[in-house]
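Please walk me through this structure for someone who is seeing it for the first time. I would like the explanation in connected paragraphs.

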Amino acid sequence: MARVWLLYLLVPALFCRAGGSIPIPQKLFGEVTSPLFPKPYPNSFETTTVITVPTGYRVKLVFQHFDLEPSEGCFYDYVKISADKKNLGRFCGQLGSPLGNPPGKKEFMSQGNKMLLTFHTDFSNEENGTIMFYKGFLAYYQAVGLW
């Protein structure tokens, strides 16, 4: 009976991400996506993913796919990358869009073994009265030796 209650408590915690901070177990490589990727991401959402690689390594991150609502200054929907208490950038839009700041194929590198990705969405994805469906992002990370 105790196991049933434990499952009852753990299943929502494992599968329901309403926001907050999501630590990723230490691995040498992996991927990070927006919620529901490759389907459109939800409105009014914010979460921070903490990527940690083993001590003695740095984190290298590259976006494979990036499709967020574009805006001047990436004010509405964005991905913010930080590492070592430094902001590495705030990104939105997609390649070729006149607004926004997509990351393209740029490689982001931490000095230490952690990197944070904050994904933020506003209350809507609308352009000139038309509802838009943006797919979000897919990024790959890997541990890179310090030597």
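In which strand does Asp 67 lie? In this predicted model, Asp 67 belongs to strand 4, which covers residues 57–67. Asp 67 is buried and yet has no salt bridge, since the nearest side chain of opposite charge, that of Lys 135, is 6.4 Å away, and a salt bridge would need a side-chain nitrogen of Lys or Arg within 4 Å of a carboxyl oxygen. What the side chain of Asp 67 does have is a polar contact with the side chain of Gln 94, at 2.8 Å. Leaving aside residues up to four places away in sequence, Asp 67 touches Gln 94 together with Tyr 41, Gly 93, Phe 133, Tyr 134, Lys 135 and Gly 136.

From this residue we can turn to a sheet. Five strands form an open sheet with mixed pairing, arranged in the order 1-3-8-5-6. Its edges are strand 1 (20–23) and strand 6 (86–91), each of which pairs on one side only, and neighbouring strands are turned against each other by 20 degrees on average, direction ignored. Within this order, strand 3 (residues 45–52) and strand 8 (residues 114–121) run antiparallel and are joined by eight bridges, and Glu 46 stands opposite His 120 of strand 8.

The loop between strand 7 (107–109) and strand 8 holds Gly 112, which counts as partly exposed because its relative accessibility is 23%. Although Gly 112 and Asp 84 are 28 residues apart along the chain, their C-alpha atoms are separated by 6.4 Å. Gly 112 touches Asp 84 as well as Tyr 57, Arg 58 and Val 59, again not counting residues up to four places away in sequence.

Key
Residues are numbered from 1 along each chain as its sequence is written. This is a predicted model: local features need pLDDT of at least 70, side-chain atom pairs count only at pLDDT 80 or more; totals for chains, interfaces and linings use all residues. Side-chain values use heavy atoms; hydrogens and water are left out. Helices (H or I, at least four residues) and strands (E, at least two) are DSSP runs, numbered from the N terminus. Buried means under 20% relative accessible area, exposed over 50%, partly exposed in between (1.4 Å probe, protein chains only). Lys and Arg count as positive and Asp and Glu as negative; His and the chain ends are not counted. A polar contact is a pair of N or O atoms within 3.5 Å; within protein, one must be able to donate a hydrogen and the other to accept it, and residues adjacent in sequence count only if both atoms are side-chain atoms. Contact means heavy atoms within 4.5 Å. Two strands pair if DSSP finds at least two bridges between them. Axes are lines fitted to C-alpha atoms, for helices over the stretch in contact, and angles run from 0 to 180 degrees between N-to-C directions.
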